[in-house]
Amino acid sequence: MRLTCPLCGDRDRREFHYYGSDAYLDRPAEGAAPAAWDDYLHNRDNPAGLTKDLWYHEQGCAQWLVVTRNTVTHEVSAVELVAGRAGA
Amino acid sequence: MRYSGLKVLTEGLFGNKGWKPAWRDPAPKAEYDAIVIGGGGHGLSTAYYLAKNHKLTNVAVLEKGYLGGGNVGRNTTIVRANYFLPGNQEFYSHSLKLWEGLEAELNYNVMHSQRGLINLFHSDGQRDAFARRGNAMVTLGDDAVLLDREGVRELLPWLDFEQTRFPIYGGLLHPRGGTARHDAVAWGYARAGDRRGVDLIQNCEVTGIDIEGGRVVGVQTTRGAIRAKKVGIVVAGRSSQVAAMAGMRLPIESHVLQAFVTEGLKPVIDHVISFGMGHFYISQSDKGGLVFGGDLDFYASYAARGNLPMVEHVMEAGMTLMPMIGRARVLRSWGGIMDMSPDGSPIIDKTHVEGLYLDCGWNYGGFKAVPASGWCMAHLMATDQPHDVARRFRLDRFRTGHLLDEEGTGSQHNLH
Amino acid sequence: MRIEGKGLIDRAHPVRFSFDGTSYGGYRGDTLASALLANGVRLMGRSFKYHRPRGPLTAGSEEPNALVEIHGKTNQTPNVRATVQEIFDGLEARSQNRLGSLKYDLLEVNDLLAPFFSAGFYYKTFMWPRAFWESVYEPMIRRAAGLGRLSGKHDEGAYEKAWAWCDLLVIGAGPAGLMAALTAARAGAQVILADETPILGGRLASDGGMIGGEPALVWAAAVEAELRSLPNVRIMTRTTITGAYDNGTYGALERVGLHRPAKANLPRECFWRIVARRAVLAAGAMERPVAFPDNDRPGIMLTSAVRTYLNRYGVVPGQRITIFDGSETGRALARELMAAGVQVAGIIDPRPDASSLEDCPVHLGAEVVGSRGRLGLSGITVRKGAETFEVETDCLAISGGWNPTLHLTCHMNGRPRWAEDLMAFVPMEGAVPGLVAAGAAAGRFSTHGALAGGQAAAQGALADLGFKVPDIALPEAEDAPCQPRALWAVAAEGRAWVDFANDVTTKDVRLAAQENYRSVEHMKRYTTQGMAPDQGKNSNVAALAVLADATGRSIPETGITTFRPPYVPVSIAAMGAGGRGAGFAPQRLMTSDQASRDRMAPMIEAGLWYRPSYFPKPGETTWKEACDREVMMVRNAVGVADVSTLGKIDIQGRDAARFLDLVYTNTFSTLPVGRVRYGLMLREDGMVLDDGTSARLGENHFLMTTTTAAAGLVMRHLDFVHQAFCADWDLRFISVTESWAQFAVAGPKARALLNSMLDAPLGDVPFMGLASVPVGGVEARLFRISFSGEEGYEIAVPTRYGEALFRDLLARAETMGGGPYGMEALNVLRIEKGFVTHAEIHGRVTAFDIGMAKIVSAKKDCIGKAASQRPGLSGPERQQLVGLRSFAPLTAGAHLFRPGAVIGQAADEGYSTSTCWSPTLNCWLALAFLTDGRARLGEQVRLVDHLRGKDVVCDVCDPVFLDPDGGRMRA
């Protein structure tokens, strides 16, 4: 399995650390209701198909990446920098 | 038809012509008292105990593929009760007791083999953590023995005690831990459930859950609509998809876990052994293959197949710990899809829909839970009350903070 | 029997080898199987379940029968295919899976009991009495089962792993593979051509034929010569592609040293990870056997195998050969045998309308319905219409058609497609992205089909990759149409083997159907068909055809089980190469490592690091004596410890302070420059992640420390918080853990020790202050912090000065009654002070649990704050950190009960996490978590350790046992 890091190029999966869904990027605002935190930390769409998840190029540029990926075929269709996404 | 050694002999003498089907292939009825979605180990045992313990016989199991085709047929067959957190402890302890009578219960030899499980540890800190675990087990009335290095050497003299990267300090022995023949567990429950009147309906995929006024009334399937008063979702590996049919978003992320088996070998490993400093555990099947595995591939997946980094890690761990297996050859590797929950423990609970129940989140510990999961899920479906040993497996515990985090790795799903 | 003048073996190089203790001769280029057959040995193994005598069925890696042990000087390798193992001088092979000798195997009794050993019989019996399963039945089954033996000795062989990259990976070097490789090579693409045999040519070496008007092998040799001359081509023989993985990654096993005597530094095997932009699967096809009664005797083998033995090895496996084959290849074999002077006793051709014009008897519309011969074939029974007759023969070639070698296309869950016109499964296109099947692997069985398919596949790949596609004229070759055959099993009474390796017969498959294990997966799992060492390569299609017949379904309706990696079995040692001994994980050494070892300190693992356990003095016989001395040394004089393993993160920027406020529970923006503060960090789920100190070196410059264990975790966490939540802040940070060597200097004489060596005397550095101090002209950082409870400093210098500083510190300390202290003493010192480590902050505890709720600032948000406020995470039902004291020894991992309570889960109130004997306080201490513990100080609890036989009543107290006001630290 390989990912194309926007900074480092095509690299083997073992250079990356996986975190989870990109839902982790939508941190509730301070003072949000407990239900919002529960949802943020625990509940997941968990699609069998296209998903966006977070990978860290730990043995490369130390950038966190949003990877658009199919969970059934493992096909990767896009890789973007977390820090580079709109609004970040 | 009752199975026995005598029956095998008499059938053998007459050309094995008299063996009857292990289960029927009934057409789905229009309505059932209870439907269990999912014909894996947990679904089949749920149906069996609904019939046996709660005298519900108008029950169907709906399976989209073949019986036992999910994780019950693709795991590393380990059966143990070595948990230390209240909630998990009594549940798995109950499960192990059910395992210990399963052959007689089902009249099917599931080859439950209590050969002993040894968790190796490699530092003083790990030893103390395992001592905490073992003391919890003994406190509950189960068995555990803390072995020092020489105690381990006596049982497993072929481990690498000299050169391994992380020296072996000792191990926690769980004598009643062991293995079972995984397919046989599914088939045994299927056959026993069928004999009690449960309809096992294969190639029947649920496509929708019918809810009226907050109450479940039936399911839509590829073989037509079926009404039901109660519906249990027991589909680890696809829990998020099926629960979504009832409008639920679960605290589950699906991950792939790989496992491996070697070519057949004469007996060489007599226990189940796990490594404390890398992802590796191993046992030897009765057929002779070394059955072993490691950890998740760590990325969300429904592919039931993995990649080389974890394969190689597992093999390297095997080589540092027990280099005598170097010349055994891996025959097959496969992957199963795990319902990973945010604390590594399962969910057996009611849902917001009346009559709809959920059994999911088994992480990669589901196989050993098959008997107790069915026992407790059947209890919940029949009585609307959680069974005492499963009372902490609540769906809302992540919101309330009443967590069952054995690994201590927190809410990140794939770290358990 | 060897045929003069035939074969590709090197007759100039005779080889001696042994099998079961008997010495035999062969030639370089022989496999063990071909050499044994040349010596008239057909019996090479015993079957798995019935212990039937077996000889080779095939001539390749898919061999189900001829599995042997290879014995070296120090170790042995089980389950080696005699059809793959090349012979060399001194090779020692032994048969396996027998009780007694190969000829007289006592377990042959199983064959007589076969009626009772039907599919799945073990699920129906061995249940009574229950205790007999582990004590009697299972050991008996285990002893009978299994194949070869592991020695139980460490595998000391050398193995390697390697990486390779290419534009085009060509899998298989038959005509399709050679053509694909040539096409890509001429285009200038980086090509890897891999073949599992030692030579190129694939079946051309077995079947001969003509390509471009010359003998096929001449063409193949010319292509090979050209490929070898090109710098962009890498040819890998003896290399099997074992698995197809995501994004063009392939696993491959190269048998580097298995075909020759062991040689120092030459690996036995190398496991390759090949990253290919495109791949061509040119792996050919496998012939399938036919099920008929007793079709498993030594001497019965596939037509293609007999042809390989004849043409490639110059060996005929018998003297009177019969051929049960309804295709033209059977006829070709007959002619080749007769041309070589071998008697062909008959061709049994199930086709009623084929030609009978051969120079040997031809029985049209006939089938083999039985065989004879105890240890090898001596005759067969042939049925033609209503008539049956016997034919004397010692070798029967059989063929039930061909299956494309499509296994790799299943590795990513691709399901093969049934091609009715070929009576075979063919690869589903696109099943492995970037991989295209060509030639026989794609169901094109003619030589022309192979050449054209290989060329087209390469051209397609080249076009995809943007190469200019070269124009190569396709050489002329035979293009016979495929003869589809559907002869899976002959209708006759008796046991007819489908899966030779696992002893599964057509009866077993039918019994599975009878018992309603009708799904193909149920049949497989119930009968174990396809689960043997050949993974169903020889049996899957026939088994499901029999199942289809038994259940009244078509083959595509019945479905197919899948093939999974690896394509051939791969040794654990090869895939785990590098993992032996210390190779499993990197070893991180502190700059003081050698100095500690010089002082005989036992080094223990701390994560990937090695740290000194204690520093023994002459006369000390136990670690505890040394530990007690070191503790008192720190309490009374001065001790030095290397603490460089702690994580160090340098954080700079105008928003650095704001960032620390976000990741720590407490506030850092208020920390004055030149001061240090303890900080607590939570995971977002509210549990304690880590703790440590951070120093403010400048207005916009902090140095954070982490625990040793969590250094990487914290770095990753900080990167996430920064990039996900505040990427626009003015902030940069980097790990400097390995840039600085840092030493704790602790004890009442710490300041005196430092003053003795610093370039200028230490000024007034308050507790939790810091200073920049020159030492030997090197600018060092000095932090006044304490993990021991004494006046303590940590001095940090650039790593290259670490060892010198450490040795100097020790030398000076020893003149003051001080010296080094190790992890054991460090642990006692911190327990006496109630400082937590990851034994306490083990991932399930909150700030509340460890009594630090007060440093979760109410004035600001921080990571983890919201989740830590969940109702279940605070309150009296939580187990809270307390101290325990006792004069009897305490252990960690023990559980806590109220004195007098009945021991049981319901009464369990907590557990101990760390314990020590305190030489300072002269009693045993423990840190523990106790339900509602902080409200119970002054009470007693009973500490029970069932595993280590401890049952001690101890006093519950504050976890800070020593100097609770911190007067000594601030002195």
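Let's start where two chains meet: 126 residues of chain B and 123 residues of chain C make up the contact, where contact means heavy atoms within 4.5 Å. Keep in mind that this is a predicted model, where local features need pLDDT of at least 70, side-chain atom pairs count only at pLDDT 80 or more, and totals for chains, interfaces and linings use all residues. Residues are numbered from 1 along each chain as its sequence is written, chains are lettered from A and ligands numbered from 1 in the order in which they are written, and side-chain values use heavy atoms, with hydrogens and water left out.

How much area do chain B and chain C bury between them? About 10100 Å², with 53% of it on carbon and sulfur atoms; buried area is the accessible area (1.4 Å probe) that two parts lose on being put together, summed over both. On the chain B side, the residues that lose the most area to chain C are Arg165(B), Lys266(B) and Arg327(B), together 10% of what that side buries.

Now for the charges. The rule finds 12 salt bridges across the interface of chain B and chain C, each a side-chain nitrogen of Lys or Arg within 4 Å of a carboxyl oxygen of Asp or Glu. Take Lys161(C) and Glu316(B), which form a salt bridge with their closest N and O atoms 2.4 Å apart. Helix 5 (residues 124-140) of chain B supplies the largest share of the side of chain B that touches chain C, namely 12 residues. Helices (H or I, at least four residues) and strands (E, at least two) are DSSP runs, numbered from the N terminus.

Strand 16 (residues 329-340) of chain B and strand 31 (residues 570-571) of chain C run antiparallel and are joined by two bridges; strands pair if DSSP finds at least two bridges between them. Here Val330(B) stands opposite Val570(C).

Next, look inside chain B. Arg133(B) forms a salt bridge with Glu406(B), their closest N and O atoms being 3.6 Å apart.
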